[in-house]
Amino acid sequence: MVRNIAAYRFVEVADPPAVAARVRAWAEEGGLRGTVLVAPEGINLFLAGADVAVDAFLGRLRADPRFAAIVARDSWSRAVPFARLKVKLKREIISFRRAQASPLRGRAPAVAPADLARWLAQGHDDAGRRVVLLDTRNREETAHGAFAGALLLPIDNFTDLPDALEPHRAELADATVVSYCTGGIRCEKAALWMRASGMDNVLQLDGGILGYFESVGGTGYEGRCFVFDERVALDAQLRPLVDGAAARAQAA
């Protein structure tokens with residue numbers, strides 16, 4: 001079986017080209033494929049390969065104190081769902097282009113998957129407030145699945161979120177709003193921006209949908225979670241919708 005990892009870390013990176021070069025060398029040495037983005041604000045990666053090679057890669061990455069605390073979300077497939085390895089330099093590891101959204105200055109408050117599952121079961125948070133789940137993904141992703149009753153914004157790009165959210169601000173004022181995304185990177189920025197723009201009732205789902213699936217399964221979630229590779233989407237047991245090898249054969 002092939003091990004797939006999704007991981008990111010917001011941290012100041014003064015030497016993105018050097019980090020990108022090292023990461024590429026480690027991934028190539030282990031025969032890993034996927035995508036790695038490196039920016040002054042951190043690293044974002046999706047990689048797949050043999051379990052031992054992934055472990056070796058993560059060991060080398062975590063030896064750098066800046067990335068020592070990076071958390072990798074695991075899933076498994078019968079084939080590598082990436083055609084090649086891509087390592088890119090970016091201005092942001094997830095493009096948002098909004099001020100006051102940088103986790104480098106501190107994270108927004110988060111809710112753990114187990115706590116969110118409990119809130120959904122009881123119909124309110126621990127303070128008795130209603131809970132609204134806010135999906136920060138685009139419409140292609142939400143078409144594959146989302147939390148039941150979540151607020152889905154009609155966006156095609158993450159940068160569209162602020163304008164799409166504006167008409168909903170008043171209706172969210174009396175709720176505990178939990179922003180979520182695939183692995184946590186977008187909802188982390190979105191929650192910071194929303195709190196900075198006056199919505200102090202916003203939390204982020206720690207670890208995103210993948211972390212939620214890993215921790216508590218699919219409680220309160222309907223459908224699958226879209227992923228950015230040939231597997232297309234994962235179910236609550238982190239099983240792929242499409243086998244990577246089959247997808248490539250069909251495309252050939």
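Two strands count as paired if DSSP finds at least two bridges between them, and the elements themselves are DSSP runs numbered from the N terminus: helices (H or I) of at least four residues and strands (E) of at least two. What you have here is a predicted model, in which local features need pLDDT of at least 70, side-chain atom pairs count only at pLDDT 80 or more, and totals for chains, interfaces and linings use all residues. Residues are numbered from 1 along each chain as its sequence is written, and side-chain values use heavy atoms, with hydrogens and water left out.

**The parallel sheet**

Let's start with the open sheet whose five strands follow the order β6-β11-β10-β7-β9, with parallel pairing. Its edges are β6 (110–111) and β9 (151–152); each has a single partner strand, so one side of each is left without a neighbour in the sheet. Further in, β10 (residues 176–180) and β11 (residues 202–205) run parallel and are joined by three bridges.

**The mixed sheet**

Another open sheet has five strands in the order β4-β1-β3-β2-β5, and its pairing is mixed. Here β4 (71–77) and β5 (85–89) are the edge strands, each with a single partner strand, so one side of each is left without a neighbour in the sheet. From one strand to the next, the twist averages 10°. Five bridges connect β2 (residues 33–39) with β5, and the two run parallel; V38 stands opposite L89 in β5. Helix α6 turns up again, lying across β1 (2–10) and β3 (42–49) at about 20° to β1.

**Pockets**

A pocket is an open set of points on a 1 Å grid over the protein atoms alone, where a 1.4 Å probe fits, with protein on both sides within 12 Å along at least five of seven lines; lining residues have an atom within 4 Å of a point. Grid points are joined across faces, edges and corners, and a volume is the space filled by probe spheres set on the points.

| Pocket | Volume |
|---|---|
| Largest pocket | about 930 Å³ |
| Second largest pocket | about 230 Å³ |

Of the 42 residues lining the largest pocket, N44, F46, I93, I94 and I185 are the closest to its centre. The largest share of that lining, five residues, comes from β1. For the second largest pocket, the lining includes T35, L37, K86 and K88, and β2 and β5 are the elements giving two or more residues to it.

Key
Axes are lines fitted to C-alpha atoms, for helices over the stretch in contact, and angles run from 0 to 180 degrees between N-to-C directions. Contact means heavy atoms within 4.5 Å.
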